[in-house]
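Subject: The two-chain model, with notes

Hi there,

Here is the structure I promised to pass on to you.

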Amino acid sequence: MIEELEIILETTSKILQKHVNHGLRQNIVSKNTDILNLWNDIEQNGLPKISVKEKFGGYEIPFFSILPLIKIINNHGTPLPLSETILSNYILSESDINPPNGIVTFATNTKNIQIENNIISGDILSVPYLNLSKNLLIIHEFKNVKQAILIDEINGEITHKKNFLAEPRYDIKVENLNIAEIKPVKNNIEFNFLGAILRSTQMIGAMEKVLDLSINYCSERKQFGRALSKFQAIQHQIADMAVELSASSAALSAITDLDLGDKNYNDIAISKIRAGAAAGKLIAISHQVHGAIGFTKEYELSYFTKNLNSWRNDFGNESFWEDFLGKRFLKKSNENLWEYLT
Amino acid sequence: MSKFNFPFIKETNELLNLRKQVREFIISCLNNNEFTPSPDAWVFSADPNFSKKLGSKSWLGMSFPKEYGGHERTALERYVVTEELLSSGAPVAAHWIADRQSGSQILRYGNEKQKLSIIPRITAGECFFAIGMSEPDSGSDLASVKTKATKTKNGWKLEGRKIWSTGAHLAHYMIVLARTSPASDKNRHEGLSQFLVDLSLPNVKITGIPDMTDQRHFNETLFDDVELTNDSLLGEEGKGWKQVVGELALERSGPERFLSHFTLLDSFINEFRNSLLHNGSKIVGKLISEIQTLRRMSFSVASMIQNGESPETQAAFVKELGNKFEKMMIETLREFSNIVPLYEWPNQLQNLFEDATLRIPSNSLRGGTTEIMKGIIARQLGLR
């Protein structure tokens, strides 16, 4: 399986190198044939169903093992919801629903959901790349059980289009939409936790790029007769970025267990806290060392920093997970901190 | 970025058992009033009897070869033992430097006679070391040291001064970085050598320097034409820089870089647990997430050391992040005093807090400053 994964990682890098450029990122519409070509290459190589069971035509590589793939996708700044599709398809497959072909996006949050006779209404919030997707996954508690709900013909009234992000995101209000499939989610699947892992991994992939861009820019750009990278003030800021990024990677690497039982909750919380905090610092420092050029649409830095801004807020920000982690420990009143940590 | 990965190392059941043994030992010491938990214990709290006791438990020189009295256990096992000792504030300062870096340095570069005469005493907890790097005119710029060793008929003559040597007044030896030939124009790292200096020799004069907390640990050591035997040279003449850089990797990556004030945090949480549950779960979560991340990174570096790698840059990452964490921790506790005012904290907790507040500026100085750590990282990123 490790060999298989390595081949997949290599293939993915090649595909993304071939198709993805900053021009493509600025024209994310379904009519763009370059976007379609990229998706076709991705789909032909089976990437959307990498964690889907073999019986549904997937590679059945566990979701935790494919985090390096998520990192690569986001290190390249791929302007398609491939990460979202991989997670959605994994959840569908684990819930015994055959994932559809094509892009599958998800609802980050929902409000006022009503379900009756396989018909759904309500507010579906913060959906990435709704403009490219026919398929949508919603996780919602219904009849006291968490359900995976697949909609394969989304339409509704767009109530909000978030405009400060690199990736398109929409809130929509749907009324009486047909549900294609609805099944209870497997016990060990917690959407909020999986989402937190996904976003932490995406952030690390993007932060690696942000660090590389900053190093390259500062090594080339000359002011006062020397490269910016020769100024100690700049060197130390970039070192700060590397420290934050390494800490985030170390935190994420602790999640190696396939069984997403509650003993993994702390590690997931720590990953999201660490990556979210690091992203805040990398956004600020990378823009600072880039100067005005980093603030232009034409230069690619902002694509990554805008995404970092949105991912650090998804599925619980640092405060949310700090509170979760703190409460979880403090409620175990029989254990002192060191016992708990070890 | 691949060179800055910190691969996750899982703690095995064997390690957990070892952890339990050390913990039981510490609890029995505490029950017998053998020590009072102290902040920054690896710097300030020296108790030769306690060190000897650890030696008899086989918890010193753990990774050293058996032929020199060591126990041939892994760097990961040593890591677990040091974590337990630090988190309980045990009095480990006497042997700390010998066990952490000097012993390894002698095993790596020393000759047979040096190894046989010193290593068994380190593992027994009977031989202590001080660091001989900084000088009055050489701090961060270590390559500028002026202490000089010149060849004589019978060995070497050492003259110069070393400063900030923690625990030199209790130590038996100091590994001294000295110039043995002038620096070349191209490379100022050339011409340095390390010496193993017996601090009881004539013409060695150790003077204490009280620090701002009024404690005695700093020293200035004067070498006034000290006669050294040929055997005192540690490693190769002229290769001192390379040797000292490796020593610093051992010095910088350990859990003392983020557990120096753990006793404060532990007492704080025990005291205010209920109040924190309602008003401070977020700050506790933040501290937990940072400690756990640091523990993983430091443990990962221990595994690199075990595998024979030289993780100098990774050590700088751990030190830099650990120093930041400890400063953030003090500030975080301070903010909590808006919920329970400081004057209402139990006296002992107030003392720990005030102590830590005073001592915290030294964290990012000792073992290399923040600026040096960032310089090392920047070099690895190709910026220098």
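Below is what I found, going from confidence and layout to the contact between the chains and then to a few single elements.

Confidence and layout

Please keep in mind that this is a predicted model. The predictor assigns the complex an ipTM of 0.95 and a pTM of 0.95. For chain B the average pLDDT is 95, and 99% of the residues score at least 70.

Chain B falls into three parts: domain 1 covers 2-127, domain 2 covers 131-239 and domain 3 covers 253-380. Between domain 2 of chain B and domain 3 of chain B, the C-alpha centres are 31 Å apart.

Where the chains touch

Chain A puts 39 residues into the contact, and chain B puts in 40 residues. On the chain B side, at least two residues each come from α8 (262-279), α9 (281-306), α10 (312-336) and α12 (370-380) of chain B. The biggest share is that of α9(B), with 14 residues. By type, the chain B side that touches chain A has 20 nonpolar, 11 polar and nine charged residues.

A sheet and a strand in chain A

Chain A has an open sheet of four strands in the order β2-β3-β7-β6, with antiparallel pairing. Its edges are β2 (109-116) and β6 (157-162) of chain A, each of which pairs on one side only. Ignoring direction, neighbouring strands of this sheet are turned by 15° against each other on average. At one end of that order, β6(A) runs antiparallel to β7 (residues 169-178) of chain A, and five bridges join the two. If you want a pair to click on, K161(A) has Y170(A) in β7(A) as its bridge partner.

Also in chain A, V145(A) belongs to strand β5 (residues 145-151). Is V145(A) buried or exposed? V145(A) counts as exposed because it has 9 C-beta neighbours inside 10 Å, and the cut-off for exposed is 12 or fewer.

A covered helix in chain A

Helix α9 of chain A (residues 301-311) is mostly covered, with eight of its 11 residues buried. The buried ones are L301(A), S302(A), Y303(A), F304(A), T305(A), N307(A), L308(A) and W311(A). Among the elements that cover them are α2 (22-25), α6 (191-220) and α8 (265-290) of chain A.

A covered strand in chain B

In chain B, take a look at strand β4 (residues 173-179), where seven of the seven residues are buried. In a regular strand, side chains alternate between the two faces of the sheet. For β4(B), one side holds Y173(B), I175(B), L177(B) and R179(B), the other holds M174(B), V176(B) and A178(B), and both faces are covered.

Two strands pair with β4(B). Strand β1 (residues 129-132) of chain B runs parallel to β4(B), over four bridges, and here A130(B) stands opposite M174(B). Strand β5 (residues 192-198) of chain B runs antiparallel to β4(B), and seven bridges join them. In that pairing, L177(B) is found opposite Q194(B).

Best wishes

Methods:
Residues are numbered from 1 along each chain as its sequence is written. Chains are lettered from A and ligands numbered from 1 in the order in which they are written. This is a predicted model: local features need pLDDT of at least 70, side-chain atom pairs count only at pLDDT 80 or more; totals for chains, interfaces and linings use all residues. pLDDT is the predictor's confidence in each residue, from 0 to 100. Domain bounds come from an automatic or database domain assignment. A residue is buried if 20 or more other C-beta atoms lie within 10 Å of its own, exposed if 12 or fewer, and partly exposed in between; C-beta atoms are placed from the backbone. Two residues are in contact if their C-beta atoms, placed from the backbone, lie within 7 Å. Ala, Val, Leu, Ile, Met, Phe, Trp, Tyr, Cys and Pro count as nonpolar, Asp, Glu, Lys and Arg as charged, and the others, Gly among them, as polar. Two strands pair if DSSP finds at least two bridges between them. Axes are lines fitted to C-alpha atoms, for helices over the stretch in contact, and angles run from 0 to 180 degrees between N-to-C directions.
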